[in-house]
Amino acid sequence: IHPFARQGMEMAKPKRFFVRHDGEDTDLTESLSATEFFGERAWTAAYKLKTPGVYIFASVPEPYYESSEDSWIIHYAKTVVAAFGAEDGWDEPLGLPMEIIPLSRPFANYAGNVFSGRVLRNGKPLPDALVEVEFLNRDDRRVAPNVYFETQTVKTDSNGVFVFGIPWAGWWGFSAIGEGAEKISRDGEDKPVELGGVIWVEFREPVIKK
């Protein structure tokens, strides 16, 4: 999706959807059901948290062809949920081809915090990588001053690390972009593949007691 502009993109059922908890992966692909998000097909699932721990949910999508860029896009997305007071293991890599490893705790954050992460491609830090940052805009009254403001961008340093300050509350998506080593054929012609490592993090305001 283009979350700030509230533009959906047609999504095929993911190849794999899973959760990691206590070092073990549980496949949840068959629990997915079709839904709609920003006017396009998307996928949803329900999962009951039963024991303390950190749960890392991740999806492995089918390649998506973007005609405007004449390339395939594969973005591996994840989010982290903590339950019943536990918070160990939120920086555990999942071993995805492109992945952001959080260096800041990726849950229970305030708006105004900074968020930092390390970008890994095939398990190795990726220097000078572009990281796109967007707010999940659920209010059609909220508009950017112009198109440049919709996507914020930062780059990783020589160790693959980036830092970004969060200006207001809500869900924010961080997408590290890199080019895949392999190409995928379309109409008999090999096309480049854009790999993305995505993490979604929520930032909130303090609760005011009444």
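Buried means under 20% relative accessible area, exposed means over 50%, and partly exposed lies in between, with a 1.4 Å probe and protein chains only. Strands are DSSP runs of E with at least two residues, and helices are runs of H or I with at least four; both are numbered from the N terminus.

The model is predicted: local features need pLDDT of at least 70, side-chain atom pairs count only at pLDDT 80 or more, and totals for chains, interfaces and linings use all residues. Residues are numbered from 1 along each chain as its sequence is written, and side-chain values use heavy atoms, with hydrogens and water left out.

**Stop 1**

Two strands pair if DSSP finds at least two bridges between them. Look for Phe135, which stands opposite Trp172 in strand 15.

Select Gly178 here; its bridge partner in strand 18 is Leu195.

**Stop 2: the aromatic rings**

Show the ring side chains. A pair of aromatic rings is described by the distance of the centres and the angle of the planes. Rings of Phe, Tyr and Trp (its six-membered ring) pair if their centres lie within 6.5 Å; planes under 30 degrees apart count as stacked, over 60 as edge-to-face and the rest as tilted. The whole structure holds 15 aromatic pairs.

Zoom in on Phe135 and Trp172. Their pair is tilted, at 5.2 Å centre to centre and 55° between the planes. Phe135 belongs to strand 12 and Trp172 to strand 15, so the pair ties together parts that are 37 residues apart in sequence. Phe135 is buried at 6% relative accessible area. Trp172 is buried too, at 3%.

Phe164 has 10% relative accessibility and counts as buried.

Ring pairs link a cluster of Phe4, Phe115, Phe135, Phe162, Phe164, Trp168, Trp172, Phe174 and Phe203.

**Stop 3: the nonpolar cores**

A nonpolar core is a set of buried Ala, Val, Leu, Ile, Met, Phe, Trp, Tyr and Cys residues joined through side-chain atoms within 4.5 Å. Which residues have the most contacts inside the largest core? Select Val119, Val131, Phe162, Trp172 and Phe174; the core has 37 residues. Strands that each supply at least two residues of this core include strand 5 (53-60), strand 7 (71-83), strand 10 (114-121) and strand 14 (161-165). Strand 18 gives the largest share, five residues.

A second, separate core has seven residues, including Phe17, Val19, Leu32 and Tyr55.

**Stop 4: His21**

Go to strand 1 (residues 16-21) and pick His21. Is His21 buried or exposed? At 15% relative accessibility, His21 counts as buried. Its side chain reaches the backbone oxygen of Pro52 at 3.1 Å. Such a polar contact is a pair of N or O atoms within 3.5 Å; within protein, one must be able to donate a hydrogen and the other to accept it, and residues adjacent in sequence count only if both atoms are side-chain atoms.

Not counting residues up to four places away in sequence, His21 touches Thr51, Pro52, Gly53, Val54 and Tyr55. Contact means heavy atoms within 4.5 Å.

**Stop 5**

Select Trp72 in strand 7. Trp72 is buried, at 13% relative accessible area.

A charge sits over a ring if NZ of Lys or CZ of Arg is within 6 Å of the ring centre and within 35 degrees of the ring normal. Then jump to Arg16, which lies over the face of Phe18 at 3.9 Å from the ring centre.

**Stop 5: a hairpin**

Finish at strand 3 (residues 33-37) and strand 4 (residues 40-44), an antiparallel pair with five bridges. Ala34 stands opposite Trp43 in strand 4. Two residues separate the strands of this hairpin, and Phe38 in the turn has a positive phi of about 50°.

Glu36 counts as exposed, at 59% relative accessibility.
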